[in-house]
There are 4 protein chains.
Amino acid sequence: MVYATADGGGARKLRIGMVGGGRAAFIGAVHRMAARLDDRIELAAGALSADPENARLSGLDLGLNADRIYADYRDMAAREAARPDGIEAVVIVTPNHLHHPVAKAFLDAGIDVICDKPLATTLDKAKELIALTRAKNLIFAVTLNNTGYPMVRQAREMIKAGEIGDIRVVHAAYIQDWLTEPIEAEGQKQAEWRTDPARAGASACLADIGVHAHNLALFVSGLELDEVSADLTTFVPGRRLDDNAHVLMRFAGGARGVLTASQVAVGNLNNLSLKVFGTKAGLEWAGETPEFLRFTPYGEPTRILQRGGPANTAEARRGSRMPAGHPEGYVEGFANLYRDAAELIAARRAGRAPDPAALAATPDVVDGARGLAFIEAAVASSRKNGAWTSARLT
Amino acid sequence: MVYATADGGGARKLRIGMVGGGRAAFIGAVHRMAARLDDRIELAAGALSADPENARLSGLDLGLNADRIYADYRDMAAREAARPDGIEAVVIVTPNHLHHPVAKAFLDAGIDVICDKPLATTLDKAKELIALTRAKNLIFAVTLNNTGYPMVRQAREMIKAGEIGDIRVVHAAYIQDWLTEPIEAEGQKQAEWRTDPARAGASACLADIGVHAHNLALFVSGLELDEVSADLTTFVPGRRLDDNAHVLMRFAGGARGVLTASQVAVGNLNNLSLKVFGTKAGLEWAGETPEFLRFTPYGEPTRILQRGGPANTAEARRGSRMPAGHPEGYVEGFANLYRDAAELIAARRAGRAPDPAALAATPDVVDGARGLAFIEAAVASSRKNGAWTSARLT
Amino acid sequence: MVYATADGGGARKLRIGMVGGGRAAFIGAVHRMAARLDDRIELAAGALSADPENARLSGLDLGLNADRIYADYRDMAAREAARPDGIEAVVIVTPNHLHHPVAKAFLDAGIDVICDKPLATTLDKAKELIALTRAKNLIFAVTLNNTGYPMVRQAREMIKAGEIGDIRVVHAAYIQDWLTEPIEAEGQKQAEWRTDPARAGASACLADIGVHAHNLALFVSGLELDEVSADLTTFVPGRRLDDNAHVLMRFAGGARGVLTASQVAVGNLNNLSLKVFGTKAGLEWAGETPEFLRFTPYGEPTRILQRGGPANTAEARRGSRMPAGHPEGYVEGFANLYRDAAELIAARRAGRAPDPAALAATPDVVDGARGLAFIEAAVASSRKNGAWTSARLT
Amino acid sequence: MVYATADGGGARKLRIGMVGGGRAAFIGAVHRMAARLDDRIELAAGALSADPENARLSGLDLGLNADRIYADYRDMAAREAARPDGIEAVVIVTPNHLHHPVAKAFLDAGIDVICDKPLATTLDKAKELIALTRAKNLIFAVTLNNTGYPMVRQAREMIKAGEIGDIRVVHAAYIQDWLTEPIEAEGQKQAEWRTDPARAGASACLADIGVHAHNLALFVSGLELDEVSADLTTFVPGRRLDDNAHVLMRFAGGARGVLTASQVAVGNLNNLSLKVFGTKAGLEWAGETPEFLRFTPYGEPTRILQRGGPANTAEARRGSRMPAGHPEGYVEGFANLYRDAAELIAARRAGRAPDPAALAATPDVVDGARGLAFIEAAVASSRKNGAWTSARLT
């Protein structure tokens, strides 16, 4: 097969700025690796920390010019928007509660947004961002990054092509164990804000990992989630938000599903998985072995589809950089989101239509808001002892 | 290691009779293989089919004496009870709706019972059997056979010993695909009765496979199921009972769980699995690779415990016939139930206390009734749109 | 699918006797379980130990009549041959060095033989048994038991049907770790005789496990082994025979292979595996997960063929007792050998042609002798520092 | 755990140039991704193709300044060496036969080298490069990239720490299927030069993939390879070099090994694996699931060590960018080589001692030459019908 050109291809690089992601942060570094993997994007500015000194040092670490290291994101939005060589997009990798104000500031300044999940801490704020994005006619990509895996995209494409028939059942799970003990009380910074209602939102477990499972299920299945019945639990004494979620799902059209998310599932590190069963076939994928996709037409043996190998679809090939058997991973999938977001931004700025494949594959502000609709519905359902609650984005 | 003696050990064989299990039946042959694996049990009588000619031919197939081939189980109960060399236990492998009347007939005749799951088609009938068993002071074993796997027994023993701490989360699933299409309408006999309310009970999917997942979860965890919230679905047009079940569970003491059972999960043949997460460790097991048990103490690498290999517990060793790496399977696990049931019956007849390990490992009439409590609670919950419903056996 | 009838089918049972396999032995109990699984065979006599008291007690354990418990196998051969209800076949499960004399005694007495592997301790003795078997026109089955696994038989059938094209490469391995330490010096009886040249033959590792890998490779591939180049090693100090073997293979027709056998491969319990690569496809199977067969047509995704599931061949179905996903294991595979051997013996005695499938699937005295040709060639090659040495049975 | 800083850390970037790797090449793009992942290296010059127009267009693709796009590598060596801002290292990603002349040119010009494997097409040329590197006192890294995987480094570190005891057995394999058919005759460029003796050297299969398995075995085990006995085969009609290699190995100190390499192993894409068995424990790793390392202390259950998870060694952590369960892959491992090579080069230029961990982990010109010693020994042995042949680098 022919692999996607993984280099810049001579094009001018897209200039991005980053808010959050300074020293000691986790996901910011992942975004930067993903952004530079294909050499089509350059980091030109940053407000990398709410702490000015950390912001400064982090900016220097990353080789930013001193005049483009900002202590305040509002300042950055204003000044970058004013520069002729200003950033063309902002990447938001702060704790959840800042996604909304930061995104708003940059949208207001006319700058496209690439924002980490969850889109916001409430559905109302998420809807505000939809409205603002539409009003400004800007690009708003949400890094629900599992959509970037080639085999995830292949699964979606196969379903869209009717290969599994009508979907009946969807099982999605994201289980991990890093919050098995109250490490937020012991100074673990990542755990602190993720279990703090003021910074994480109404749910820790769903906001942190549940939305990934939810998005993966919707992205692959193409289904619309209708309503949920949830049982959220806080197992660790002293924890302020849930650390385990069991959610039943009903989809438009009649499919049913289960979503489980746990941060106390000892022995699982980042075990994300999806199973989709239709009238004609079934598909199964797992995030810790992302190169493989199980596909079983009813009455036939299971096929192991391997990224880069036989029977890869166009979308799988489009997102593939390595030959089969040279494993790609998390960063490569993430980089596919960056590549596609860059295409959408470049197209918008050039006034041309974007590559339809990139458009279709990029989770946007509406997808992000669906995550909030899901979280709020699950939290509400759980508070009402599992009453079925609409999770539709209205 | 020293393996369990798999032969008769010179002891007189237990005489059993079988009701159901004639030509074209499935599970009866499994019971017979399991019963004879250790050469401690002999089949001495049978009412193997409701059809007299099939009963006769099936009995001849099995080498029964002509005078112990019965056309009617009531007749068999009466006459075997009267013989000095009469059967010491009856094995019931009929469709579900006959479990109760057959068991009742033999209990009434003073004969111990080994009955397939589900125990009955209603909880009321199950409770009648409990009462009768107690009144008669007889043995009543239910072949919830997954409890016979050595690694399942090991998991239970480890949990009982506190190795995973307090249980927080239980995920049980039994998914398969053989009812993906309406094969009951095409003359498949097994599918016919299993999807017929008159013969299967109030649920097909839960009665056929859900009770296995339910029993496995309770047996291993040692927890008591408190209440359930269920979403049962019939996906296949024309089907008269559910073919998919999603069930949330709450256990006494605060643990939470999810149980999924599906007969339309294309690509899964008999995929039974269990995950139990506690405060100190996690355990995972799957029925299609039953020789392995994943065990992860929190903060340590996952261990793969292999049947017959290092770190096997006493119960794992007790149920093991082969060295590690010479795989045991379904029949061997099933045979462990037969071995233990035979011990309970022999002990009762001898007026002695049974081996406590055999007693603890054998699902009995109460365990069987718990399955019905679970089915009825799930069906009721589903009808009430998922309202949490008690699944306790009261 | 329809499963093989696993019960006797009303036929008179084949009467067998056993030499070896008394208390504390390992493989004898496996043979007995395998023999009785289908209820077509009964153990009628035994010389179960060279120690008369052990022989007596072992016989009583197994419910033998006192007059058919023998202290000496020659006595047993003579007296059983003379009885009208004498055994119809002898099962030989002694240490290796006794296979030849015991087999000879029973062949001389006109009794069919089922003998454990390796057939003998030398090729010359193996050839004697071929000659005698032919002269007497008797059945001689060798329990190279991996040939009994349904997925192994399926692999063979697929190759025979041309599904992988012309074979190029064969990789066979049997690695385990039970002899990592000098347990034969610490009183472990199984280890003692298996590492004793007088009882095991010229090689421990090849005689014990290498012949399984060798036979599996030949059985599945259908190839004839031409010559070998071997490097045998004794790693454990004080051990008298090899505990590790690396063997290059050349097959008639040009295919090449590697066979590895190790008893010091820490972390492997009975890890037998086979890979066969042809011009059109590849097949892979492993003995610790025997229910699955990987099949990859060139340029297509890998298929996971599961026993009992879709795309099973006639031979896989013939050897299958359980639905897919209810795992079968070592005993069931072994029982397939017994079922087929019983058919060959019954046919011979009845003067009719046997079921061709049973005939084709049963390793016989010639296959057993091929194992000796392989062992002797490998030992000779290793002594000549790896010189290519003919492994043909001439 | 704390993850390695994956960003530049504010340091000036190392300037590299590339020879080979233009449009349509494969491995060059991998090197560039690996080089830029951590943002510590910048591509400043290139002679990217022997075809001047391809070289020019490829250079423009990569954003090189026109005056640093060279049509001839000798020209590049001379002019870059003369520039004050000239490249600090050259990356050689040409077909094999050019490795030696290109490396020589840059070494002569005083420029450090990062060269793809195999180091050269003959051992003599490899030795020349050793001598020249030493004479010039330069850095020469060879991208035997599997050494970059964190779990490979962990395996090495555990062995060095004595955790598996004395090594007895090493099994290494690299099997793939892309040369199952004569695609070199059908215009596949990668296949053309890799099977062309003039460009690939004396062996195709060993030069292309066998050296990876060889290097992996030596890197992890720490053993010195003493001699080999090989059987090389060309299966595909018309092919000019071998496409399958079976090699027995003897190591200094007495350990034994088997190495298999195949390019016709249908169903395997890039299936590299290593098993090392010692007196105390065993370790197993596979390149298609590189995040996991199986570790079994003798007599204990197997542990699954996962990158980023519990029980990771210092070296595993040093090479890790992502939390456990967010899979890293081929590029990340490759990038670890670049990170370490950059450290060695920076240290040399600064006249300081390099990080000892980086030094220990980087395959150098001597390791590269060991690969040629291995290839030549295997080819010679195969020509002498498997005679044991020294593979030592003398």
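This report describes how chains A and D of a predicted model meet, how chain A divides into domains, and how a sheet of chain D is built.

## Basis of the model

Residues are numbered from 1 along each chain as its sequence is written, and chains are lettered from A and ligands numbered from 1 in the order in which they are written. Because this is a predicted model, local features need pLDDT of at least 70 and side-chain atom pairs count only at pLDDT 80 or more, while totals for chains, interfaces and linings use all residues.

## The contact between chains D and A

Chain D gives 36 residues to the contact and chain A gives 35 residues. Two residues are in contact if their C-beta atoms, placed from the backbone, lie within 7 Å. On the side of chain D that touches chain A, helix 1 (27-36), helix 2 (52-61) and helix 11 (330-350) of chain D each supply at least two residues. Helix 1 of chain D has the largest share, 4 residues. Helices (H or I, at least four residues) and strands (E, at least two) are DSSP runs, numbered from the N terminus.

Sorted by class, this side of chain D has 14 nonpolar, 13 polar and 9 charged residues. Ala, Val, Leu, Ile, Met, Phe, Trp, Tyr, Cys and Pro count as nonpolar, Asp, Glu, Lys and Arg as charged, and the others, Gly among them, as polar.

The same surface serves both copies, as 97% of the contact residues of chain D recur in chain A.

## Domains of chain A

Chain A is assigned domain 1 (14-145) and domain 2 (148-321 + 368-390); the bounds come from an automatic or database domain assignment. The C-alpha centres of these two domains lie 26 Å apart. Their contact takes 18 residues from domain 1 of chain A and 19 residues from domain 2 of chain A.

## A parallel sheet in chain D

Chain D has an open sheet of 5 strands in the order 2-1-3-4-5, with parallel pairing (two strands pair if DSSP finds at least two bridges between them). Strand 2 (41-47) and strand 5 (140-142) of chain D stand at the edges with a single partner strand each, so one side of each has no neighbour in the sheet.

Strand 4 (residues 112-115) of chain D pairs with strand 5 of chain D in the parallel sense over 3 bridges. Cys115(D) stands opposite Val142(D) in strand 5 of chain D.
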